[in-house]
Amino acid sequence: MSHGTSPARPTVSDSPAPAVSDSPTPAERRARYAELLDRVQGLPTIAGPRRRTLELLGLRAGQRAVDVGSGIGRAVAELAGTGVRAVGLEPDEAMVRLARERFPDDRFPTAGFRVGRAERLPFDDGSMDGYRAERVLHLLADPAVALAEARRVLRPGGRVVLLGPDLSMAALDADDAATTAAVVAAHADGVPSPRAARAFRRLLLDAGFVDVEVEAHTELHTDFQTVGQLVTAMAEASVATGALDRPAADRWLAGQRRRGREDRFLMALPLFLASAARPAGPDHGGGRRVPARPAGDGRPA
Ligand SMILES: C[S@@+](CC[C@H](N)C(=O)[O-])C[C@H]1O[C@@H](n2cnc3c(N)ncnc32)[C@H](O)[C@@H]1O
């Protein structure tokens, strides 16, 4: 998944950058990525938590919401379908164009898409009734900055809903547990905040939100085809970081492919879902002050 404006960085839950032998153009990579996001969002184990994010936002027609890191825009369209005035915010301009093409104004009059980043939201203080971010906070160097912004743009009583994977906890059935652990760790460590999702509760409380609730779900894959690009990217990450040498990574990947061919593949990934509200009373800046990030490891643990 992209860290910024290019959809280049693969992660466990959604990998746009297959380390495959062909050499796709940027446009082809983006198209594949959009297709992958669509496919993953439609999977039963993800569709459920996604629906739940909309329930937990609890928005009514006419209210305003932002979906941060909106990708191809599906959640924005779903919110707009209920009459919510929804805006998708996304740093990747090409993704914004794609979302606008998929969900044009004439068919989705209450949906909009704009370019921007979670760390600096282009909205006025207290202007939003809802804030949603799905599979985004792990991509940020400092998720606390994004949540301070979420709090700023929400009106008192406005709700925030976060959904994200814990990349360190990916479970793959494999012959060699130690090699698999090395692959998972190498891949997770290449992402800015791989454990942000398990920290959602703490981050929301520290940002001054109230009524914080957390749920755990599981993204489950038994079809290698769906996540083959991703599993390949994980193996590549283990080589790139030096965790495994090339032959070891190739053997591991070949084992996963064989499981796929023999219908024996399984990968599971915890998804944390958290919801909270901005306090309804007068706001004094809320929460604990976000400390300056220490050099080294200021990531959520
Ligand atoms: C894994 S995708 C998820 C997309 C969409 N939320 C979904 O669930 O299908 C992460 C998205 O976050 C975006 N993103 C990356 N860095 C961001 C940032 N600093 N602020 C907002 N979005 C960001 C990426 O461009 C990408 O579209």
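This section describes the fold of a predicted model, its helix packing and several individual residues.

The protein chain comprises nine helices and eight strands. Of its 301 residues, 46% count as buried. When contacts between residues at least 6 apart in sequence are considered, 75% of them join residues at least 24 apart.

Helix α1 spans residues 26-42 and contains 17 residues. From its first C-alpha to its last, α1 reaches 24 Å, close to the 24 Å expected at 1.5 Å a residue. The buried residues of α1 are R30, Y33, A34, L36, L37 and V40. These residues cover an arc of only 165° around the axis, and they therefore lie on the same side of α1. On the other side of α1, the residues A27, E28, E35 and G42 are exposed. The packing partners of the buried residues of α1 are α2 (44-57), α4 (93-102) and α8.

Helix α9 is followed by D263, which has a positive phi near 55°.

Helix α8 (residues 224-240) takes part in two of the helix pairs examined here, one with α6 and one with α9. In the pair with α6 (residues 177-189), the axes come within 8 Å and cross at roughly 85°. Since an angle of 65 to 115 degrees counts as roughly perpendicular, α6 and α8 are therefore roughly perpendicular to each other. On the α6 side the contact is made by A182, V183, A186 and H187, and on the α8 side by M234, A235, A237 and S238. By class, the residues of this contact of α6 with α8 comprise six nonpolar, two polar and no charged.

In the pair with α9, the axes of α8 and α9 are 9 Å apart and the packing angle is about 170°. Angles over 145 degrees count as roughly antiparallel, and α8 and α9 are therefore roughly antiparallel to each other. Helix α8 contributes F224, Q225, G228, V231, T232, A235, S238 and V239 to this contact, while α9 contributes R246, A249, W252, L253, Q256, R257, R259 and G260. The contact of α8 with α9 has seven nonpolar, six polar and three charged residues. Two residues of α8, A235 and S238, are named both in the contact with α6 and in the contact with α9.

For R135, phi is near 55°. This residue is found in the loop between β4 (128-134) and α5 (143-153). With 25 other C-beta atoms within 10 Å, R135 is buried. D211 also has a positive phi, of about 55°, although it is not a glycine. D211 is found in strand β7 (residues 210-221). It is partly exposed, with 13 other C-beta atoms within 10 Å.

Two further residue pairs connect positions separated in sequence. A199 is placed in the loop between α6 and α7 (200-206), and is buried, with 22 other C-beta atoms within 10 Å. The C-alpha atoms of A199 and D166 are 9.5 Å apart in space, whereas the two residues are 33 residues apart in sequence. E93 lies in helix α4. With 12 C-beta neighbours inside 10 Å, E93 counts as exposed. E93 and V115 are 22 residues apart in sequence, and their C-alpha atoms are 6.1 Å apart in space.

Definitions and conventions:
Residues numbered from 1 in each chain as written. Predicted model: local features only at pLDDT ≥ 70, side-chain atom pairs only at ≥ 80, totals over all residues. Axes fitted to C-alpha atoms, helices over the stretch in contact; angles between N-to-C directions. Helix = DSSP H or I, 4+ residues; strand = E, 2+ residues; numbered from the N terminus. Parallel < 35°, antiparallel > 145°, perpendicular 65-115°, else oblique. Contact = placed C-beta atoms within 7 Å. Nonpolar A, V, L, I, M, F, W, Y, C, P; charged D, E, K, R; others polar. Buried ≥ 20, exposed ≤ 12 C-beta atoms within 10 Å, placed from the backbone. Expected span 1.5 Å × (residues − 1). Arc of directions from axis to C-beta.
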